[in-house]
Structures are given as structure tokens and as C-alpha cells.
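Reader: Before I rely on the labels attached to this chain, I would like to see each of them set against its definition.

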Amino acid sequence: MIKLLLRTIKNSLGRFIAISLIIMLGTLIFVGVKATGPALNDSLQATVVKHHLSDLEILSSQGFTETELKAVRQVPGAQVEGVLLQNVLGGKNRDVIALYGYQKNNHQNQLTLKQDGFLAISTKLF
């Protein structure tokens, strides 16, 4: 039986190698996909904790009154911090630029700046 198996592999060596490589490639892809999901979840959780990202964001085109902010502050476990936001048209192409207010004493959505050429960009949106 072993002699027959070895003779068959020897007579069609190219086919045997091709099938073996296809099986190995499929196995490696499956293992990679299964390992990537938990790694991405761990990375996301570390980023959320490190930068104190918000679970919920409430936007208003007209702003919020103090009464509305007091109502939200009464929700158990809620932390309310206001951030000013302004969309501006600028540049030759009339690009829309979002400008966010920044307050050093805010605890949520901590600002991180990265330098990209001459343009400093925020890595997080509030």
C-alpha cells in the first residue's frame, strides 16, 4: 500500500505539490482570520480606554440649553462635556473642514495630534 502511494505521488509530483500548497494556503488563511478578530477587539478596547472615548455622542445644530444638559447629567453613570463644533468651507476646492473646540480639562475624547506634512490632524473626532 505504501509503495503504491509513493509511486502515485512520484508519477504526479506536480499535482501533489499543488494540492498540498492549496490546502496549506487555505489553512493559513483560516487561522489568520480566526486570530485577527480577537486581536482587533483588544486593540480597539485599549484605544477606547486610553483616550476615554465616549459611548454616545449627541449633536445639535442649535446647541443645548442648560436645562437639557442638567437632564442628561441626571442619567446614572453619564458624564457630560460640551464641545463646540463648526463646519467651515475653505481652500481652493472649497473643502469642508470641521473645527472642534478643545478644553484641557475635558476627560472624554482626549485630543491627540499627529503631524502629516504641514497639516496637523486630529486622530479622533469628538
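Author: What follows is a set of questions about those labels, each answered from its cut-offs.

Author: This is a predicted model, in which local features need pLDDT of at least 70 and side-chain atom pairs count only at pLDDT 80 or more, while totals for chains, interfaces and linings use all residues. Residues are numbered from 1 along each chain as its sequence is written, and side-chain values use heavy atoms, with hydrogens and water left out.

Reader: What pLDDT does the chain average?

Author: The pLDDT, which is the predictor's confidence in each residue on a scale from 0 to 100, averages 78 for the chain, and 72% of the residues score at least 70. Over residues 117–126, however, the pLDDT is below 50, although this stretch has 25 contacts in the model beyond near neighbours in sequence, a contact meaning heavy atoms within 4.5 Å.

Reader: How do you know that the span of α2 agrees with its number of residues?

Author: Helices are DSSP runs of H or I with at least four residues, strands are runs of E with at least two, and both are numbered from the N terminus. The expected span of a helix is 1.5 Å times one less than its number of residues; the 38 residues of α2 should therefore span 56 Å, and with its end C-alpha atoms 54 Å apart, the two values agree. After α2 comes His-52, whose phi is positive, near 50°.

Reader: Why is Leu-21 called partly exposed?

Author: Buried means under 20% relative accessible area and exposed over 50%, with partly exposed in between (1.4 Å probe, protein chains only). Leu-21 has a relative accessible area of 46%, so Leu-21 counts as partly exposed. This residue is found in helix α2, which covers residues 13–50.

Reader: What makes Glu-66 and Arg-73 a salt bridge?

Author: The term requires a side-chain nitrogen of Lys or Arg within 4 Å of a carboxyl oxygen of Asp or Glu. The closest N and O atoms of Glu-66 and Arg-73 are 3.3 Å apart, and the pair forms a salt bridge; by this rule the count comes to 1.

Reader: Why do Glu-66 and Arg-73 count as partly exposed?

Author: Glu-66 has a relative accessible area of 47%, so Glu-66 is partly exposed, and Arg-73, at 42% relative accessibility, is therefore placed in that class too. Of the 126 residues of the chain, 6% count as buried.
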